[in-house]
Amino acid sequence: MLNNQQGLVFIEQHASRVTCYSSQYGHVTGVSYTANNLVGPPSRFPAYGDFPETYVPRTYGCWWKESSNIVKGKNEVDQTGEDFIDVQFPKPVYPYCVNVYETYNSGCVRRLWAGDGQGNWKLFHEHPMKKSLKQSQIFSPEPHHLPFLTSLIRIEIDSSFADYYPEVDAVLLVGTETYPAPEESLKLSVLGLYAKVVGLGLHHLVPGFNTLESIQRLCLTDKLPQNASVCHLSNLPEEILRVILALLDLRSLCSLACASSLFNKICKDSVLFTSVNLKPYWYCVNLPALKWLGVRSQCLQYLDLSWCGSYGKFSSSDFSWFMKQYGKRLRILRLENCSFLNNEALYSISTSSPYLQELNLRGCRHLESTAFWHLGKLHMMERLILDSTQIELPTLLVSLQSMASLSHLSLGGCQNLSLLGSLDEISRWLNRHRPGIVSLDFWRSGHLSNHGMEALIGLEHLRELDIGWCGLPPNGNWISQLANRCRSLEKLFLTAARIVKDADLVAIAQYCPNLKQLDVLGNSYITWEGCNRVLDKCRKLRLLDVSYCCQIEAVHVANWRRTHPNVSIKRIFVNEED
């Protein structure tokens, strides 16, 4: 749709396709809660509620981070959202406004980026999240022209403060085919600045207010008294400086290196770069950045390159060169949603990092299945995360044989494992060869038969198990047996299992006193009595999701929230939330 404003022709267009995304709640071949639901105009807005026609990321809140023995890297001042989704529009424009239609737990849009499809990005808007809103809204930052021709918009979603899953219905891009003339752009900028000044009430100056004097008072400091003591950091021994600098994030280290030749020298010390998290800087990590890091990476043990290298920002060969040169001491490597990965890249990982203990390839959907054969060379592996990849059953089983120390395996949303019998085979193999496994994630990865469940309940050291949206056998009281055998469970997700009954909840309450998270969404057989047993007996419980459990009413949840204030209880039903 064309609009004429101040001599400029504005073009309104909705997303025509989704080019990339970090995660989605829906199945990769399904239509409910998937990324492709952002294509086209809004289908449910302005209604508020849980709608399958929208896009929903897989996680919300901080529950998913509270996992067994996850090693956390150095905290960066700059943080990304928890998820992202890239949407393409039919016609390139100079963006003026971006509208994001949110229909559930609104307020989770953290950043909007404009991309050129070649790995270059410009930040259009940033909005730190504080809490989610219980209403639908059009997230629309203040209009302003960005001098960057684009048909690609990235939406960063931060659901860490959300009470439940956020949902997005559509995205609208408004822009012009030509960039405004300098005088027109200046006029728009001045109008925007004036609106800010008026909005803040700064146009009401106090009579007699001396602006120049106030600025001078702020900028000029009085002389220090003669008896004042001054401590210069540069006078400290280098050993102490290194201890102090080790607490700084990457951006602060780079800034401090520009302060003096002394700090420039110390900030190059490889000891300060044993743990490097580049995920917050995904938009600017290229080959020169890898070379800059390389000369400081002699002691590198933790590297997070998640989200980096998209749209050709750097190549698989660039990554392979880095790994061959500096990957020898790596213990943890996280590569979520890295589109540059291919057979060459996984070969370089397997041959260059023999001591690797954790490898995260979540969301690397374009990585060919044959590349995973190289994983078998990683003999020290303890945590392997392959969610939403093209891994196949034979490749997986062969690779796992060499990982004698494997304790954590995540296979959520792996389409090629959805074939009948795949999860049964994996469960049987783990039961025979890795009975001490601690965490296992099968979310949306197929079906388990009676044979598969029999093998699964034999993994008695499990502390975390996610078999949500997996087809489970309707007979056998498998959930009760699981609780009885796996008594160390701290997290149990039975989302949409459809077979959970009150007897199973009684068994969970009796045998799993350390349980912290329980998800029984969509299990219509359970009643408030069973949930009450869990709440009373599992004193460490912090999360209980009983959404779409038709026999549990709002009055039950309200009573539980009064009697168990430390438990976050989730319950939605027929687009009604408590």
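Helices (H or I, at least four residues) and strands (E, at least two) are taken as DSSP runs, numbered from the N terminus. On that basis I find 15 helices and 23 strands in the protein chain.

**Entry 1: ground rules.** I am working with a predicted model, in which local features need pLDDT of at least 70, side-chain atom pairs count only at pLDDT 80 or more, and totals for chains, interfaces and linings use all residues. Residues are numbered from 1 along each chain as its sequence is written, and side-chain values use heavy atoms, with hydrogens and water left out.

**Entry 2: the whole chain.** I looked up burial, where buried means under 20% relative accessible area, exposed over 50%, and partly exposed in between (1.4 Å probe, protein chains only). Of the 578 residues in the protein chain, 52% are buried. I then looked at contacts, meaning heavy atoms within 4.5 Å. Among contacts with a separation of 6 or more, 78% are between residues 24 or more positions apart.

Entry 3: I count two strands as paired if DSSP finds at least two bridges between them. An open sheet of 12 strands runs in the order β10-β11-β12-β13-β14-β15-β16-β17-β18-β19-β20-β21, with parallel pairing. β10 (275-277) and β21 stand at the edges with a single partner strand each, so one side of each has no neighbour in the sheet. I took axes as lines fitted to C-alpha atoms, for helices over the stretch in contact, with angles from 0 to 180 degrees between N-to-C directions. Neighbouring strands of this sheet are turned by 5° against each other on average, direction ignored. R334 stands opposite N360 of β13.

**Entry 4: strand β5.** I found 7 of the 7 residues in β5 (residues 109-115) buried. β5 runs antiparallel to β8 (residues 150-157), with 6 bridges between them, and I note I153 of β8 as the bridge partner of A114. β5 also runs antiparallel to β6 (residues 121-126), with 5 bridges; here L112 has H125 of β6 as its bridge partner. β5 and β6 form a hairpin with 5 residues between them, and G117 in the turn has a positive phi of about 80°.

**Entry 5: helices α9 and α10.** I looked up the axes of α9 (residues 393-400) and α10 (residues 422-433), which come within 11 Å and cross at roughly 10°. The two helices are therefore roughly parallel to each other (angles under 35 degrees count as roughly parallel, over 145 as roughly antiparallel, 65 to 115 as roughly perpendicular and the rest as oblique). L393, L396, L397 and L400 of α9 make the contact with S422, E425, I426 and W429 of α10.

I also looked up S422 of α10 by itself. S422 is buried, with a relative accessible area of 4%. Leaving aside neighbours within four places in sequence, S422 is in contact with L393, N416 and L417.

**Entry 6: helix α14.** In α14 (residues 528-537), I find G530, C531, V534 and L535 buried. Seen down the axis of α14, the buried residues fall within an arc of 135°, so they line one face of the helix; the arc is that of the directions from the helix axis to the C-beta atoms. The cover over these residues includes α13 (502-511), β19 (517-519), β20 (543-545), α15 (554-563) and β21 (568-570).
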